[in-house]
Amino acid sequence: MSEKNKKQVEQAPSVFDSAWENLLENENFIEYFLCDVLEDYVTKQRWYGGKSSKLKYIELAEYFRIQQHEEVYYGLLLEVNFEEAFYQHYFLPIAFVSDENFAEKDRILPVSINGQDGFIIDALNLEAFRKLVFERIVTAVPNDKTRVRYHNSVHLTDKEYRSSRFMGMEQSNTSIIINDKYVIKFFRRIYSDTNPDYEMSCFLSEIKGYKNTPPYCGSINIVDIEGIMVTIALMQELVENQGDAWEYMLKELKMVFGNLAAKRINIDKLPGTQMFKSLEINDVPPQIIDWVGLNLFLKLQTLATRTAEMHIALGSEFSDTAFTPAHFNGDYEVWLKNRLLYQFQNRLNIVENNISRLEGRSLDLAEKFLEQKNDIRQRFVRFDWTKLKGERIRIHGDYHLGQVLVQGDDFYLLDFEGEPESTIRDRKVKQPPLKDVAGIFRSFHYAIYATIFNSGKDYPFSQDALFKAGEILYRYFIGVFMGRYVSLIQEHNLNIGYTQERIFILRYCMLEKAVYELGYEMNSRPQWAVIPLEGIMSIINETNN
Ligand SMILES: Nc1ncnc2c1ncn2[C@@H]1O[C@H](COP(=O)(O)OP(=O)(O)O)[C@@H](O)[C@H]1O
Ligand SMILES: O=P(O)(O)O[C@H]1O[C@H](CO)[C@@H](O[C@H]2O[C@H](CO)[C@@H](O)[C@H](O)[C@H]2O)[C@H](O)[C@H]1O
């Protein structure tokens, strides 16, 4: 923007002579709002994903009305443009309130419109807006052909709005609990397509009757200017739970590592098991059961069952081409290698640029990672589709313990939005189901290493001894999970390949995930980078054996 223009905008008043119903047609308002107000507001939001880039300017990609009778709110699709030559879209619903009691939180702009003083706020803070959205979903008509498409399912049994509150969890979108019975998630980062979370939720719970994901209750999609359906909200049943499987695992591991001393276990005498060897509970040696406890292995079997059932449901479609299974082929191989080599190069770059910020074990591992870059790169190149006989299906795509809710002895799988760094198209590409399994195995590794790094000092053992115990434990976790997962998958005729193929894909995907995680950690919590670095080096060394 030229200096002259900028000056004009800076001088623009926050007094506008349009009615709220026409305010977005007022060019002065739009220019002032986008440049002087939202640039500052948006970058401060928890849901803003552009924090490590430099914002250039914001444009209003489009807007739509969310309304009922006389009550009007706007849904803004903001296009945030970055100096680094890319953009992201965000959803921001706005409301005008004249009573400041309704504008205590998330005030965006004090404004006077058509002589009426008030505030523009994020509409999600307004109960009237949440009620209206719920009512619009409740009263949605089938085959809605309007631009803002509300939809509901048979699982939405309440017809009256009673209450609503923020979910209040650490999350990248914004979820609201309605009637203490439903969760409506408003997506903040918006992609020009249906959101995979919405698509997968409908498919699994509506079409396949998969029970271990929150039942789909409704959604809001917008038909954008190009006629593409863009998801802005997904409503599901609220699942009663005792927290997520990540917290659960950390609690269990604290006890497991505590047992080493409490039960006077000699780590050097613990029997090992081969990596990826499928195990039944009876195959786990009594010393290991005594150390870890039977319950945790039973829980892992249940998690493996729910994971296998998800994949069986996802792999059982024969008419909807978005879900029908596919085989590996040359196009997939090219797509995969391009993506992974690009990602790997990006991680090398991040590590090289930040190496001075690392120290101790992190630094040693980062140096080894850089030294072995050609070997690691070769692992990604070594994918040969002609040797693979298994199927590719739609998968969860970002499967880790934090995406699993614990309900008594059972688990519910959540958040099918896919891997945050991938494009929306890439997230919908059919992948080997073992990619999800590799994701959860990486999570087991994370939980074990997080316990050693964060509370290792609480245990009377050297760090090396704890690593040794941790690696043994990790192999049993994987073995017991595999034992249940593979037998269920085979019973239902989903083809995940022959034994060597399965091991190849698991190693490949675990390396891919650990490399992805290295970037995630270096950007979000560098002190955790040591965990994926451990993972990468152990995968590389494992296959060297
Ligand atoms: N249907 C649900 N029932 C119970 N809790 C839920 C439900 N959906 C989400 N949650 C809780 O909210 C958290 C964030 O949800 P998630 O869908 O992962 O949001 P985001 O995509 O914004 O990260 C979950 O980890 C879980 O604790
Ligand atoms: O926010 P998302 O759930 O989409 O996932 C991102 O954040 C995750 C951390 O919350 C990150 O997961 C990594 O750390 C977890 C422990 O905190 C661990 O269980 C996962 O295995 C590990 O990948 C995830 O990678 C990132 O995409």
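pLDDT is the predictor's confidence in each residue, on a scale from 0 to 100.

**Figure 1. Confidence across the predicted model.** The protein comes out with an average pLDDT of 93, and 97% of the residues score at least 70. For the complex, the predictor gives an ipTM of 0.97 and a pTM of 0.93. The stretch to watch is residues 1–13, where pLDDT stays under 50 and the model has 9 contacts beyond four places in sequence (a contact means that the C-beta atoms of two residues, placed from the backbone, lie within 7 Å). Where pLDDT is low, the predicted coordinates should not be read in detail. A note on bookkeeping: residues are numbered from 1 along each chain as its sequence is written, with chains lettered from A and ligands numbered from 1 in the order in which they are written. Since this is a predicted model, local features need pLDDT of at least 70 and side-chain atom pairs count only at pLDDT 80 or more, while totals for chains, interfaces and linings use all residues.

**Figure 2. Helix 12 against helix 14.** Helices (H or I, at least four residues) and strands (E, at least two) are DSSP runs, numbered from the N terminus. Helix 12 (residues 434–455) and helix 14 (residues 499–524) pack at about 55°, with their axes 8 Å apart (axes are lines fitted to C-alpha atoms, for helices over the stretch in contact, and angles run from 0 to 180 degrees between N-to-C directions). That makes helix 12 oblique to helix 14; angles under 35 degrees count as roughly parallel, over 145 as roughly antiparallel, 65 to 115 as roughly perpendicular and the rest as oblique. The contact includes Leu-434, Val-437 and Phe-441 of helix 12, along with Ile-505, Leu-506 and Glu-517 of helix 14. Sorted by class, this contact of helix 12 with helix 14 has 9 nonpolar, 1 polar and 5 charged residues (Ala, Val, Leu, Ile, Met, Phe, Trp, Tyr, Cys and Pro count as nonpolar, Asp, Glu, Lys and Arg as charged, and the others, Gly among them, as polar).

**Figure 3. The shell around ligand 1.** Ligand 1 has 19 residues around it, of which Gln-171, Asn-173, Pro-214, Val-239 and Asp-415 come nearest. Strand 10 (182–186) and strand 13 (229–237) are the elements that give two or more residues to this shell. By class, the shell around ligand 1 has 8 nonpolar, 6 polar and 5 charged residues.

**Figure 4. Helix 8 with helix 14.** The axes of helix 8 (residues 330–354) and helix 14 come within 10 Å and cross at roughly 40°, so the two helices are oblique to each other. Among the contact residues are Phe-344, Arg-347 and Ile-350 of helix 8 and Val-515, Tyr-516 and Met-522 of helix 14. This contact of helix 8 with helix 14 holds 8 nonpolar, 4 polar and 2 charged residues.

**Figure 5. Helix 8 with helix 10.** Here the axes of helix 8 and helix 10 (residues 373–381) come within 9 Å and cross at roughly 160°. Helix 8 and helix 10 are therefore roughly antiparallel. Leu-340, Phe-344 and Leu-348 of helix 8 take part in the contact, as do Ile-376 and Phe-380 of helix 10. The contact of helix 8 with helix 10 has 7 nonpolar, no polar and 3 charged residues.

Technical notes
A residue is near a molecule or strand if its C-beta atom, placed from the backbone, lies within 6 Å of it.
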